[in-house]
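Subject: Structure for you to look at

Hello,

Here is the structure I promised you. Please open it and keep it in view while you read my notes.

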Amino acid sequence: MKVISTKKAPAAIGPYSQAYVAGPFLFTSGQVGFIPETGEPAGETIEAQTEQVMKNIAALLKKAGTDFDHVVKTTCFLADMGDFAAFNGIYEKYFTSRPARSCVAVKSLPKGMLCEVELVAYMK
């Protein structure tokens with residue numbers, strides 16, 4: 001197994017790693033819309049936070065040596081299902097290969113964030 005860590009994605013805010021490669025797969029921890037350099041939210045809207053989540057995911061995928069086309073499963077968490085359509089509008093720009101997905105509403109996310117995405121990717 002190999003730990004994946006990059007300064008181009010937010011540092012873990014707890015006792016966990018940003019991502020792990022195990023066998024032919026990458027497993028990421030949930031990514032939220034924090035700007036890596038500042039640790040602050042990318043904005044207050046679902047659109048701004050979702051765009052930042054995708055940038056953070058892209059950095060982890062690149063560091064691991066894979067890309068969005070090799071993602072096989074995502075799990076998405078929304079603080080409000082009313083944001084589902086706006087979230088999907090941004091999500092579909094990045095996940096064009098349409099990986100398997102679960103998307104659920106949760107009571108709350110760390111530090112009041114609006115969305116979080118974790119994934120499993122096949123290492124190319």
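How many aromatic pairs does the structure hold? It holds six. Keep in mind that this is a predicted model.

Start with Phe-68 and Phe-95. Their ring centres are 5.1 Å apart and their planes stand at 80 degrees, so this pair is edge-to-face. The pair links distant parts of the chain, 27 residues apart. Phe-68 sits in the loop between helix 1 and strand 4, and Phe-95 in the loop between helix 2 and strand 5. Phe-68 is buried, at 13% relative accessible area. Phe-95 is buried too, at 2%.

Both belong to one aromatic cluster, together with Phe-87, Tyr-91 and Tyr-94.

Now turn to helix 2, residues 84–94. Which of its residues are buried? They are Phe-87, Ile-90 and Tyr-91. These cover an arc of only 105 degrees around the axis, so they lie on the same side of helix 2. On the other side, Ala-85 and Lys-93 are exposed. The cover over the buried residues includes helix 1 (46–64), strand 4 (71–78), strand 5 (100–105) and strand 6 (115–122).

Arg-101 lies over the face of Tyr-91, 4.6 Å from the ring centre. The side chain of Tyr-91 also makes a polar contact with the side chain of Thr-74, at 2.8 Å.

Thr-74 is in strand 4. Its relative accessible area is 0%, so Thr-74 counts as buried. Beyond its neighbours within four places in sequence, Thr-74 is in contact with several residues, including Phe-95, Arg-101 and Val-117.

Best wishes

Conventions:
Residues numbered from 1 in each chain as written. Predicted model: local features only at pLDDT ≥ 70, side-chain atom pairs only at ≥ 80, totals over all residues. Heavy atoms only, no water. Buried < 20%, exposed > 50% of the residue type's maximum accessible area, 1.4 Å probe, protein only. Helix = DSSP H or I, 4+ residues; strand = E, 2+ residues; numbered from the N terminus. Arc of directions from axis to C-beta. Contact = heavy atoms within 4.5 Å. Polar contact = N/O pair within 3.5 Å; in protein donor to acceptor, adjacent residues only side chain to side chain. Phe/Tyr/Trp six-rings, centres within 6.5 Å; stacked < 30°, edge-to-face > 60°. Lys NZ or Arg CZ within 6 Å of the ring centre and 35° of its normal.
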